[in-house]
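Have the viewer open as you read.

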Amino acid sequence: MNEAGVATVTDPVCGMEVTPGSAAGHSEHAGTDYYFCSSTCKQKFDAAPESFINKNAGAAAHPTAAAVPEQAAGCSSCMSPLGADVTDAEQEAQAREYATLMRKFWLAAIIGVPVLAVMFLDLIPSARQAMTPWHGVIGMGMAILTFPVLAWSGGQFFSAAWNNFRNHNTNMDTLIALGTGAAWLYSTVVAVAPGLFPAGTAGMYFDVAVIVIALIVLGQALEMRAKSRSGAAIRNLLELQAKTARVIRGGQEIDVPLEEVVIGDTVLVRPGEKIPVDGVILSGESAIDESVVTGESVPVDKQAGDAVIGASVNKTGAFTFRATHVGKETALARIVEMVRRAQSSKPPIGRLVDKISSYFVPSVMIVAIITFLAWFNFGPSPMLNFAMVTMVAVLVIACPCALGLATPISLMVGVGKAAEHGVLIRNGEALETASRLTTIVLDKTGTLTKGRPELTDVLGLNGFPEDELLRLAAAADRRSEHPLAQAIVYGAQARGIPMAEPDSFNAVPGHGVEATIGKQHVLVGNNKLMQRAAIPLEAFQAAAMRFAEQGKTPMLVAVDHKPAGIIAVADTLKDDSIAAVRTLQRMGIEVIMITGDNERTARAVAQQAGIKRVLAEVLPEDKARHIVDLQRENQSARPGSSREVWLVGMVGDGINDAPALAQADIGFAIGTGTDVAIEVADVTLVGGSLHGVVYAIAISRATLRNIKQNLFGAFIYNVLGIPIAAGVFYPLLGMLLSPIIAGAAMAASSITVVTNANRLRFFEPAPVEKG
Amino acid sequence: MAITQIIVSAIGLVLIAWIVWYFWMWRGASVSAQVQDGMQSVDVTVKGGYQPASIMVKAGQPVRLNFTRREASTCGEEVVIPDFGKRAHLPENNTVAIVITPEKPGEYGFTCGMNMYRGRLIVT
C-alpha cells in the first residue's frame, strides 16, 4: 500500500500491476497472498508457484519497486498495458460495446418514429386544430416517452459532458448534451406550463432531441465497428525463433529448448535449419539467408569468425558457432523490444470534430448569454420570458443532428474505396492521418526495388563475344543455388541463349563457381575466386568499378584461365517505382530512401528513382531512430507548427522495417512482404506497387476533404439557425425559432452529409505521371 | 436602464468572462509527487480528463504514476506518455502503474489515445 492509499500488487506471473479488489484471480501460497491479472496467469501460478515467486523475488512484497513489465512471460492478456497486444477479451469487449450502442440506437429510433409523426401532424393546420385541446397531454406523453432515450441511449453524453466540464473541457459530448438537454427541458416546460411562453414560442422539440441522439449513437456504432488494431505482431515475431538448438556439450550433440542455450555454448547448425541464437562461427562455412532480420534478399556467405544472427536461415553448409547473445540480447529480441517501444511512443492525433467543438461550444454559450441580455434589456415585454426562450432556443438549434455521422460515414466510404484499389487501411484514424503526411521514407530492397537480383549487363573483355560469355557463365552457374548465379541463369534464359550442362561443377562458398563446359574451363565469381586461380585482376578492374558505382554487383568471368568478361547483376527498380516517386513529389511530399546498403549502391538506386535524400548504411536497429529524427526535424524546421500538420510515413516490407513502420505516423507495408510488417503497419498495399502509397494518400486527402465538407454541412444549417433562434428577425418579421426551422435544419444537415459522403464513391485519383 | 437590468447585464458579462477563462484560459494547479523509498508517486484519476492534470516531479528519481480510470467513457482508456515510450491500457476502475525516470528537467505531456485529455509532467 503506498501512502496515497491505492493498493496495488504485482502479478507474479507476468509482472503486471493489479489491485487486489479487482484482480481476476487470487491464490495463497506459503502464507502469502498473490493476485493475478487474468485466470490464465492464476492457472500458470497454481501449476508451479515456486518458479514464479523466485523469478519475481520481492515484487509482491514491495509493489512500489515494480515497473510495468518489460517482458510479459507468456501471459497474453498482460501485454495489453504495453499497448502491444490486443487480447481476445478486449475484442470481445469491443463487440459488446458495439451491440450496446446498436441497442441504444434502436431504442432511440423506435421511439423517434411516433414522436416525429406527432411533430409532422402538428405542421398540418387541421390536425393541429384537432390536437390543440390535448396539447398538454400529448406533450407530457412525449416527455415521458422520450426520457429513456435521453437517459439511456444518450446517457453517456451527459456523464461525459459533466466530466469534461469539471476538467475545463468541451467536446462533441458537451454539444450534444447541451442541445438535447435544452430541447427536452424546454419542450417539457412548454407541455406543463404553456402559459409562461410569449405567443408563438410554445413549440416542442422532442423530435430534435431524439433524432440527434439516434443518429449520433449510430455514428458511434459505425466507428466502433471500423475500429481494429494491430495485435499479433509481437507474438508472430517471437514465433520466428527456432524452438530448439543442437548444442555440443561434453562432446555430445544434444537438442535443448531455446531458453536453455547459454552464452558460450557451441551450437551446430545443418543446412536448411534456423540459427537459434546470435553467435560467431567456429568452423565450417555456409550461405545464410538473413532476410528475416536484415531485409536483404541475397544470402550472405559466412565462414569461421563471422557473426551469425538468430532466426536467420542456414542455406547450404553445416557449421558450428559459439553463442554470444541469448534471450533478450539477441537481434530478434531487440527488434521485438523496439516494435513495442515504437508502438508506445507514437503521439496521438486529435479528432477534428472534437477540436471544432472545443471552440464551438463555449462560443455558443456566450452567444446564448448575449441573446439573453439583448432581450432582457431591449426586448418587448414580458422581457424575462422572451430572454429565457431565445436563450434556450440558441442552445437547441446549435447542436447539429448529423454531427455524429459526418466523420464515420465518410471514413467508411473512403476505407471501402481504398480496399477496392488494393489499399487496406486499418482504421479511420489511419485514413485521417495519411492525408497529412508530408514525408515518405521508402525502404530500398523489396520496396523500391524488386528485392531480387537481375541480370543487367554483359561485357566481354578483349573482344570476347558477349553471347558466348553469357552462355558459358550461365552453364557454369546452372547447378548453383546462389541467387546471384540464378540471376545469370534466368537472364540467359530470358535472352534465349541455349545452355549446356556443365561436365564438372564445383561451388566455392564465398567465392563463386568453377565448371568445365565441353573443353572449356570456366570461373564465375568475385575477386577472391580469381586470386585463388592466380588470374590477374587488372583487366577487370576499371569496368568492375564502373558497375559497382552504378549500384550493380559485378561477377567476373574467366575462361581457360584468361579474363573473359564481366556480368553485372543488380536489384533493379520495380517497373512503376519511378513514376510513383515522381507523383508523390508532385503531391508536395518529400521522398527519402532508407537502406542498410552502402552509400554508393544507395545513391545509384536513388538517382535512378529520382530521390534526392538518402539515408544509407543504416543498421536495422537504427531505422526507427531515423524516423524519430525526421519527425523531430519536421517539427523544428517549422517552428510553431503543431504536430498534427507534419507527419512522416514509412514504406517497408521486412521484419527489420517493423520498428520503423510502428514508429512512423503511418506505416505502409508492402503486401508481398512479411506478415509482421503487415501487422505493424497502418496501411497494407496488396499489389506491392508503390502506386498504392500514392493512392492511399490521395484517397485519404479526398476523404478528409469530404469530412471537412460534412462537418461544414452539419454545422452550417444550425449555425444559420442561431440568429433566427436569437431573434434577429423578430423586430422585422416577428419571427422566432419554430419547430419547423429546427426540423428543417435537422433534415438538411443529415441529407447533406449522407449525400456528400456518397460522392466519395466516385473518387478517382489524378492520373499517374509516367516515368 | 433599470437597476435590475444593470445588475443582470453585469452578471451576464461576468459569466461570459468566466466561460472564456474556464474553458479557454484555465491552466490548472500543479500537484507535487509524494516521495517514499526514493520513488516519487502520484495518483491520477481519469474522469473526463486527468486529475491532477499537472504534476511536479524531481529529475533523476523514478516516478510512479498510478492511473485509475473512473468512467465508462472510452475516451480515456489509453494513456500515452510519448517522450518515455509508454502506452498503457486502463481498464475501468483498475489502477495501472507506469514507472518512468525523467533525467532532464522540462515539461513532458501525457495524453489519452486520441489526444483529447491532456496532462503535464513538470520535471524540476
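The charged end of A:Arg546 sits over the ring of A:Phe547, with 5.7 Å to the ring centre. A charge counts as over a ring when NZ of Lys or CZ of Arg is within 6 Å of the ring centre and within 35 degrees of the ring normal. A:Lys104 does likewise over the ring of A:Trp152, at 5.8 Å from the centre.

A word on ground rules: this is a predicted model, where local features need pLDDT of at least 70, side-chain atom pairs count only at pLDDT 80 or more, and totals for chains, interfaces and linings use all residues. Residues are numbered from 1 along each chain as its sequence is written, chains are lettered from A and ligands numbered from 1 in the order written, and side-chain values use heavy atoms, leaving out hydrogens and water.

On the aromatic side, the whole structure holds 23 pairs over all chains (ring centres of Phe, Tyr and Trp, with the six-membered ring for Trp, within 6.5 Å). One cluster is made of A:Trp162, A:Phe165, B:Trp18, B:Trp21, B:Tyr22 and B:Phe23.

Chain A has 28 helices and 26 strands, taken as DSSP runs (H or I, at least four residues; E, at least two) and numbered from the N terminus. Strands pair if DSSP finds at least two bridges between them.

| Strands (chain A) | Sense | Bridges | Facing residues |
|---|---|---|---|
| S9 (residues 286–289) and S10 | antiparallel | three | A:Ile288 and A:Val300 |
| S7 (residues 266–269) and S13 (residues 319–325) | antiparallel | four | A:Thr266 and A:Arg322 |
| S8 (residues 278–284) and S13 | antiparallel | six | A:Gly284 and A:Phe319 |

S9 of chain A belongs to an open, antiparallel three-stranded sheet ordered S10-S9-S12. S10 (300–302) and S12 (313–314) of chain A are the edge strands with a single partner strand each, so one side of each has no neighbour in the sheet.

Now for a helix. H13 of chain A (residues 383–398) has 16 residues and spans 23 Å from first C-alpha to last, close to the 22 Å expected at 1.5 Å a residue; that expectation is 1.5 Å times one less than the number of residues.

Zooming out, buried residues make up 55% of the 771 residues in chain A.

Definitions and conventions
Phe/Tyr/Trp six-rings, centres within 6.5 Å; stacked < 30°, edge-to-face > 60°. Buried < 20%, exposed > 50% of the residue type's maximum accessible area, 1.4 Å probe, protein only.
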